[in-house]
Amino acid sequence: MTNAPRFPEEMGLSQDSSLERDAARLDICVGRLDEARKMISSIIFGQNEAVEQTLIGILSGGHVLMVGAPGLGKSLLAHTLGKVLGLLDKRVQFTPDLMPADILGSEVLEEGSDGKRAFRFIKGPVFCQLLLADEINRASPRTQSALLQAMQEREVSVAGYSHKLPEPFHVLATQNPLEQEGTYPLPEAQLDRFLLEVRLGYPDQDEERRIVTETTSRYPTRPRQVLQADDLAEAQDFVRRLPMPDRILDTIIALCRECRPESTHMDDIRDNVAWGPGTRAAQALSLACRARSMLFGRFAPSIEDIEALAVPVLRHRFGLTYGARAEGFTAKGLITNALDYLQEN
């Protein structure tokens, strides 16, 4: 982006709109985001799609669930994001014996100099701007649910008192495949609070060679801070102010409704889906499409953004029947078929 943006009237933006007046700031913001993406990609090789989707999740103001086998760079991606975006980041290693107080904090009884005793709240690692919940599905459901209030309301309640979390606040959780030993499936209510589910696969041969070469050298590349927390907050504000064309919004809503067995026109979804994405999914897809369009220097989302983000936004909000799993149906395949159906009709 080199020229000041121009907004067409059909997008609902007049020449004196607030976004038009902020065109110079928006142009700078997009340039910094592009620099941040390049910096992250210089550390994380062979995962360009995962880097893009994770950054979109942060720009949308949401939380991201990263799924993949151990050793593919999930934790490194989260740590690199914190450094590049200038966020206070903390890490919690989820294990079967982890307790909710280990994440949220707890009250301790202290005796003052006057001999009086009083409770003092000691904040847990959740009081940060970017929380890496490493291997979140290795903890018990009780501990997993400790993050529900923090992720939704940006506050935690301990001993009857509410404590506000810093802003911005994001959770980047890594999850090992459920087929591996010692994992617990995340509750559906918690899965729904993740804006995106990002899948990390194995890199190709050339990328893997580059990873091994550069990460085992004497001077590996270190992440450099590109943004401040205030810059990120400004970018998140711009995302919500970008216009949403009616055609794109109607497509998002139609896609979410088509993925629900109660309102679909597709037999495969009606017969194989126990429950589909709720209204929060439509909200998440709307924000993610706006964030992606801004990340690529566009001023309103398009069908291309829906096609790129429908699967990572919706697939973890599906409940397939046992019969569907046995017959090889997947959430990704059903979402893709629903999107094709909408485009054909």
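A salt bridge here is a side-chain nitrogen of Lys or Arg within 4 Å of a carboxyl oxygen of Asp or Glu. I wrote that down before anything else, and I also noted that I am looking at a predicted model.

**Entry 1: the two domains**

I looked up the domains first. The assignment gives domain 1 (24–98 + 127–215) and domain 2 (242–344). Their centres, taken over C-alpha atoms, are 22 Å apart. I then checked who takes part in the contact: 22 residues from domain 1 and 19 residues from domain 2. Between them the two domains bury about 1,900 Å², and 63% of that is on carbon and sulfur atoms. How many salt bridges cross the interface of domain 1 and domain 2? The rule finds four.

I also looked up glutamate 197 and arginine 315. Their side chains meet in a salt bridge at 3.3 Å, N to O.

Next I went inside. A reminder to myself: in soluble globular proteins, nonpolar side chains tend to be buried together. The largest nonpolar core in this model has 72 residues, and Leu85, Leu255, Met294, Leu314 and Phe318 have the most contacts inside it. Helix α13 (residues 279–295) gives the largest share of this core, 10 residues. Where does the core lie relative to the domains? It lies between domain 1 and domain 2, because both give residues to it.

I picked leucine 85 and listed its contacts, skipping neighbours within four places in sequence. I got Ala36, Leu55, Ile58, Leu227, Gln228, Ala229 and Leu232. There is also a second, separate core of 28 residues, and Leu65, Ala150, Ala173 and Leu186 are among them.

**Entry 2: helix α2**

At 1.5 Å a residue, its 21 residues should span 30 Å, and the end C-alpha atoms are 31 Å apart, which agrees. The buried residues of α2 include Leu26, Val30, Leu33, Ala36 and Arg37. Ala36 also turned up in my list of contacts for leucine 85.

**Entry 3: two single residues**

Is glutamine 175 buried or exposed? I found it buried, with a relative accessible area of 9%; the cut-off for buried is under 20%. Glutamine 175 sits in strand β8 (residues 170–175). Its contacts beyond four places in sequence include Leu65, Val67, Lys74, Asn137 and Leu186.

Serine 302 is in the loop between α13 and α14 (303–314). At 22% relative accessible area, serine 302 is partly exposed. It is 280 residues from aspartate 22 in sequence, and 22 Å away in space, C-alpha to C-alpha.

I counted 20 salt bridges in the structure. One of them joins aspartate 134 and arginine 91 (2.7 Å, N to O). Aspartate 134 lies in strand β5 and arginine 91 in strand β2, so the pair ties together parts that are 43 residues apart in sequence. Aspartate 134 counts as buried at 6% relative accessibility.

Then I followed aspartate 305. Its side chain meets that of arginine 292 at 2.8 Å, N to O. Aspartate 305 is in helix α14 and arginine 292 in helix α13, 13 residues apart. Both count as buried: aspartate 305 has 0% relative accessibility, and arginine 292 has 8%.

Aspartate 305 also forms a salt bridge with arginine 298 (2.7 Å, N to O). Arginine 298 is partly exposed, at 23%. Which residues does the network join? Shared partners link Glu52, Arg292, Arg298, Glu304 and Asp305 into one network.

Key
Residues numbered from 1 in each chain as written. Predicted model: local features only at pLDDT ≥ 70, side-chain atom pairs only at ≥ 80, totals over all residues. Heavy atoms only, no water. Core = buried A, V, L, I, M, F, W, Y, C linked by side-chain atoms within 4.5 Å. Buried < 20%, exposed > 50% of the residue type's maximum accessible area, 1.4 Å probe, protein only. Helix = DSSP H or I, 4+ residues; strand = E, 2+ residues; numbered from the N terminus. Domains from an automatic or database assignment. Contact = heavy atoms within 4.5 Å. Expected span 1.5 Å × (residues − 1). Buried area = accessible area lost by both parts, 1.4 Å probe.
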